[in-house]
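Please look through the sequence and the model below before reading on. The notes after it are meant for a first course in protein structure.

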Amino acid sequence: TANGTNLASQQDDGECVIGHGGGNATNVTVQNLTCSNIYIDASVSDNGGENTYGLDIANTSNLVEPNNTLHDMKWAIRVSYQDGSTYSNLTITGNNIYNMDHGVFIGDSNSSDVGSVMSGFYIYGNTVGSMTNWDSTANYNHHDWFHLSAMKGASHFTNFYLYNNQGKGDIGANANGGFFSYPGSTTAETGLYVFNNVFVNTS
């Protein structure tokens, strides 16, 4: 736990909860956890902690991640989907996230050009905060509170709902977006509904 810029260790690759099996999973809930201080980045010249995660779950249908507190790691919540497979239903709600580079990151894997299919994203009622401590002189980190990337042209992410979330904090010098979407083709992401979110830069 003493991991970060001015602490005893500067180790990378730390994770609070990881689920990266060889196959696909279903009906998984990760709730009511506090994941903290995986890497405390306290300097723009510290480019460490790039592979530190709070909740890092892959290849799962009916995944629910409610009411967690996540702070001081690069990636707070990452959900990824394996190329060549089909998934449904992700719910991320009621989480309190701060001092991170990415609050919620959702994407397909990068192993092939086959693409993945996922339908039913429900991201609501979360609070995300400051990202400035993940600024770096090397400009490694482009901060997003919420990020959706179906980067493979063959992927298809649909029925995405992002609503009733609050982003409030110092977004830093390397900020990118409150919500950032990056489809690999015009059909890779369809049916996106983004509404009733409030994003405030306090810096």
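Predicted model: local features only at pLDDT ≥ 70, side-chain atom pairs only at ≥ 80, totals over all residues.

Residues are numbered from 1 along each chain as its sequence is written, and side-chain values use heavy atoms, with hydrogens and water left out.

**The sheet**

- Six strands make up an open sheet with parallel pairing, and their order is β2-β5-β8-β11-β14-β17. Strands here are DSSP runs of E with at least two residues, helices are runs of H or I with at least four, and both are numbered from the N terminus.
- The edge strands, β2 (25-29) and β17 (189-195), each pair on one side only. Two strands count as paired if DSSP finds at least two bridges between them.
- On average, neighbouring strands of this sheet are turned by 5° against each other, direction ignored. The axes behind this angle are lines fitted to C-alpha atoms (for helices, over the stretch in contact), and angles run from 0 to 180 degrees between N-to-C directions.
- Strand β5 (residues 60-66) runs parallel to β8 and is joined to it by four bridges. V64 has T91 in β8 as its bridge partner.

**The nonpolar core**

- The largest nonpolar core has 33 residues, and Y81, L90, I106 and F121 touch the most other members. Such a core is a set of buried Ala, Val, Leu, Ile, Met, Phe, Trp, Tyr and Cys residues joined through side-chain atoms within 4.5 Å.
- Among the elements that give two or more residues to this core are β7 (75-81), β10 (102-108) and β13 (143-149). The largest share, four residues, comes from β7.

**I106**

- I106 lies in strand β10. I106 counts as buried because its relative accessible area is 1%; buried means under 20%, exposed over 50% and partly exposed in between, with a 1.4 Å probe and protein chains only.
- Apart from residues up to four places away in sequence, I106 touches V79, Y81, L90, F121, I123, H147, L148, S149, F157 and F160. Contact means heavy atoms within 4.5 Å.
- F146 is 40 residues from I106 in sequence, and their C-alpha atoms are 8.3 Å apart.

**Two buried polar side chains**

- S61, in strand β5, is buried with a relative accessible area of 12%.
- A polar atom of the S61 side chain lies 3.1 Å from the backbone nitrogen of S88. A polar contact is a pair of N or O atoms within 3.5 Å; within protein, one must be able to donate a hydrogen and the other to accept it, and residues adjacent in sequence count only if both atoms are side-chain atoms.
- N3 is in the segment before β1 and counts as buried at 10% relative accessibility.
- The N3 side chain has a polar atom 2.7 Å from the backbone nitrogen of Q11 and a polar atom 2.9 Å from the backbone oxygen of I38.

**Positive phi angles**

- Most residues other than glycine have a negative phi.
- D13, which is not a glycine, has a positive phi near 70°. D13 lies in the segment before β1 (15-19) and is exposed at 54% relative accessibility.
- N32 is not a glycine either, and its phi is positive at about 60°. N32 sits in the loop between β2 and β3 (34-36), and at 52% relative accessibility N32 is exposed.
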